[in-house]
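User: I would like a close look at one part of this protein. Please keep to what can be read from the coordinates.

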Amino acid sequence: MSDRIIQPIIEVEKLYAGYGSTTVLADISVRIYPNEITVILGGSGCGKTTFLKNILRLQEPLSGSVKFWGQEVTNMEEKEFNDKVLRNVGMLFQGGALLNSISVRDNISIPLEKHTCLPQDLMDRIIKTKLHLVNLDNAIDLLPSELSGGMRKRAALARALVMDPDILFCDEPSAGLDPLTALALDELILNLKKQLNMTIVVVTHELSSIRRIADKIIFLDEGKMLFSGTLEAAERSSLQSIHRFFNAEIKQS
């Protein structure tokens, strides 16, 4: 009996990305597998967020291939990409990106209103379920300004989960949070992976979070990929850029 081959859920081949005449990412090839937490890491300015923007077509790559579920997406029409990819993807932005003038309920309802024709009572039940999932049951009618930093991140996470995505992207989820709040958010991300069998891609430079959540890591440095594999293998690497990154983070902790 042969072992089942696990196919990558995201495949990136020879990706080049940049702004104008400036190349930010060069020759990036990675594979991200289902039901794992993959952490994109590296120093400030290494291209982590640019990588996310390009695979999600928030910015068009200069060249290269990006596939979701085996389908090339760089040449998809916008509507096809929205229907086949973005509808099945959740995004937790670095600052949460909540609209301050409307309630938590209305913030979370935005994807449902955009992508579905569900009646309001069903949308309300879904919103309450997602808020319960992120331990934020009592915040549904509050404004973002009435929430703590950790609560805003969890409200934004509930919005990212409201369409039951197969893949969750998180851009610096613990940025600006105190250590205990960051720990609680990491534990929540781990529980989501376990409970929902989610594929999660996290951009972060926080070593404490990386140690807690990472199944695999992708290390970027000066726009190039230096390493893809387990955290343990990265820490054993003889590459000086990786060695300096981990040692610098240890000294700061």
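Which residues does R159 touch, not counting residues up to four places away in sequence? Please go on from there to the helix that carries R159 and to what surrounds that helix.

Analyst: The model is a predicted one. Leaving out residues up to four places away in sequence, R159 touches G96, A97, L98, N107, I108 and P111. R159 is part of helix 5, which covers residues 149-161. With a relative accessibility of 12%, R159 counts as buried, because the cut-off for buried is under 20%. The C-alpha atom of R159 is separated by 28 Å from that of G45, and the two residues are 114 residues apart along the chain.

Helix 5 supplies at least two residues of the lining, as do strand 6 (89-92) and helix 3. Helix 3 gives the most, with 4 residues. Sorted by class, the lining has 12 nonpolar, 3 polar and 3 charged residues.

Helix 5 also takes part in covering helix 4: what lies over the buried residues of helix 4 includes helix 3 (104-115) and helix 5 (149-161). Those buried residues are M123, D124, I127, K130 and L131. Seen down the axis of helix 4, they fall within an arc of 130°, so they line one face of the helix. The general rule is that an α-helix has 3.6 residues a turn, so residues three or four places apart point the same way. On the other side of helix 4, T129 and H132 are exposed.

K130, in helix 4, has a charged side chain and is buried, with a relative accessible area of 10%.

At 1.5 Å a residue, its 14 residues (residues 120-133) should span 20 Å, and the end C-alpha atoms are 20 Å apart, which agrees. After helix 4 comes N135, which has a positive phi, near 60°.

Conventions:
Residues are numbered from 1 along each chain as its sequence is written. This is a predicted model: local features need pLDDT of at least 70, side-chain atom pairs count only at pLDDT 80 or more; totals for chains, interfaces and linings use all residues. Side-chain values use heavy atoms; hydrogens and water are left out. The expected span of a helix is 1.5 Å times one less than its number of residues. Buried means under 20% relative accessible area, exposed over 50%, partly exposed in between (1.4 Å probe, protein chains only). The arc is that of the directions from the helix axis to the C-beta atoms. Contact means heavy atoms within 4.5 Å.
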